[in-house]
Amino acid sequence: MPSFAVNHNATNTASATVPMVSGFATATNQIGIYEVNAGSDASADNAVKYAIRRGSARGTAATSYTPIAVDQNVTQAALSTWDLTWNINPTITAASECLQWGMHQRATYRWVAYDYTKFIRTQAGTGKGLCLMSVVVSSAFNAVFSIEYDE
Amino acid sequence: MRDGTEIHVLGRFVPSQFVKEVIEAEVRPLLPPCCRCERIGVRVPHANAVISPDANRAWHQDGGGAEGTTHHMIVWATEDPTDLRTSEGQEFRGEPFDLVWFDNTKAFHKQPLGTNEHTRWFLAVRCSGAMF
């Protein structure tokens with residue numbers, strides 16, 4: 001069960017329909033997020049609320065991200081798919097927040113699962129995913145994320 | 001059908017400059033209040049633009065249609081406007097520069113065949129209907 005990192009920068013314009021990043025399992029793996037780090041590489045006074053929601057279809061990606069193995073001994077590529085932009089956006093399940101937090105742009109936020117059983121996990125399957133959403137932001141700014149997960 | 005419940009032409013929009021940020025700023029006041037809250041996705045034509053995937057050129061609903069959070073959409077293009085099809089099967093294509101709203105839970109859409117991604121400006125707004 002190798003661990004991977006997804007490191008992503010994005011302008012965090014609020015949207016209920018377009019994620020900042022989405023990760024989807026495949027038929028033979030499931031995603032289990034155990035750590036989320038969030039901040040910004042710019043300094044200004046803005047407030048933002050993020051959420052990780054479930055998704056039920058990957059959509060058609062325009063740009064994707066290749067996860068990086070946390071352990072250098074892991075030579076296999078990640079099985080799950082992580083997308084950053086879409087031609088056809090993914091299907092996001094309404095009111096399915098697994099994690100939500102508010103923060104200030106000058107602050108950093110870190111969430112860590114305190115136990116293996118507390119991972120934010122999907123089932124295995126191509127229609128099983130998680131989507132990072134910017135729910136509300138006072139004025140959009142460049143957000144920086146690092147998501148650590150196993151599969 | 002132009003002014004039906006599934007497809008509605010909001011009007012004609014010609015930006016003062018063909019610059020992504022200018023288009024976003026100038027089109028936002030023309031959108032319904034809920035759509036103004038959402039991000040505006042502008043596809044900028046450029047020499048290295050890749051051909052859209054086949055899925056874009058087949059009838060589809062973004063974000064899973066009624067299953068997802070994308071309840072309605074607005075599309076706009078400078079040439080080859082998006083093809084739309086109502087739930088009753090009636091097809092519609094607006095004029096270039098038309099700002100077209102449609103119900104993404106009922107209507108389907110597709111990118112026309114043969115669009116020139118080196119010259120075609122396109123924007124889409126995907127809205128849940130929520131005000132935030």
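**Entry 1: chain A, overall**

I began with the radius of gyration of chain A: the value is 15 Å, and a compact globule with 151 residues would have one near 15 Å, so the two agree. I note here that this is a predicted model. I then looked up the extent of the C-alpha trace of chain A, which spans about 45 × 30 × 25 Å along its principal axes.

Next I asked how many helices and strands chain A has. I found 0 helices and 13 strands. Reading along the sequence, I wrote down the pattern β-β-β-β-β-β-β-β-β-β-β-β-β for chain A.

I checked burial in chain A and got 37% of its 151 residues as buried. For contacts in chain A with a separation of 6 or more, I noted that 88% come from residues 24 or more positions apart.

**Entry 2: strand 12 of chain A**

I followed its pairings. Strand 2 of chain A, residues 21–24, runs antiparallel to strand 12 of chain A and is joined to it by 4 bridges. In this region I found A:Gly23 opposite A:Leu130 of strand 12. Strand 4 of chain A, residues 47–57, also pairs with strand 12 of chain A in the antiparallel sense, over 8 bridges. Here I looked up A:Lys49 and found A:Val136 in strand 12 as its bridge partner. As a reminder to myself, strands of a sheet pair through backbone hydrogen bonds, either parallel or antiparallel.

**Entry 3: chain B, overall**

I moved to chain B and counted 2 helices and 8 strands. From the N terminus on, I read its elements as β-α-α-β-β-β-β-β-β-β. The radius of gyration of chain B is 14 Å, close to the 14 Å from the globule rule for 132 residues, so chain B is as compact as a globular protein of that length.

The C-alpha atoms of chain B fill a box of roughly 35 × 35 × 25 Å along the principal axes. I recorded 34% of the 132 residues of chain B as buried. Of the contacts in chain B with a separation of 6 or more, I noted that 73% are between residues 24 or more positions apart.

**Entry 4: the open sheet of chain B**

In which order do the 5 strands of the open sheet in chain B lie? I read the order as 1-6-3-8-2, with antiparallel pairing. The edge strands are strand 1 (7–12) and strand 2 (40–43) of chain B, each of which pairs on one side only. Neighbouring strands of this sheet are turned by 20 degrees against each other on average, direction ignored.

I followed strand 1 of chain B to its partner, strand 6 (residues 98–103), and found 5 bridges in the antiparallel sense. B:Arg12 stands opposite B:Asp98 of strand 6.

I then looked at helix 1 of chain B, residues 20–27. This helix lies across strand 2 and strand 8 (122–127) of chain B and runs at about 140 degrees to strand 2.

**Entry 5: where the chains touch**

Last, I looked up the contact between the chains. Chain B gives 20 residues to it and chain A gives 17 residues. I sorted the side of chain B that touches chain A by class and got 6 nonpolar, 9 polar and 5 charged residues.

How values were computed
Residues are numbered from 1 along each chain as its sequence is written. Chains are lettered from A and ligands numbered from 1 in the order in which they are written. This is a predicted model: local features need pLDDT of at least 70, side-chain atom pairs count only at pLDDT 80 or more; totals for chains, interfaces and linings use all residues. The radius of gyration is taken over C-alpha atoms; the globule rule is 2.2 Å times the number of residues to the power 0.38. A residue is buried if 20 or more other C-beta atoms lie within 10 Å of its own, exposed if 12 or fewer, and partly exposed in between; C-beta atoms are placed from the backbone. Two residues are in contact if their C-beta atoms, placed from the backbone, lie within 7 Å. Two strands pair if DSSP finds at least two bridges between them. Axes are lines fitted to C-alpha atoms, for helices over the stretch in contact, and angles run from 0 to 180 degrees between N-to-C directions. Ala, Val, Leu, Ile, Met, Phe, Trp, Tyr, Cys and Pro count as nonpolar, Asp, Glu, Lys and Arg as charged, and the others, Gly among them, as polar.
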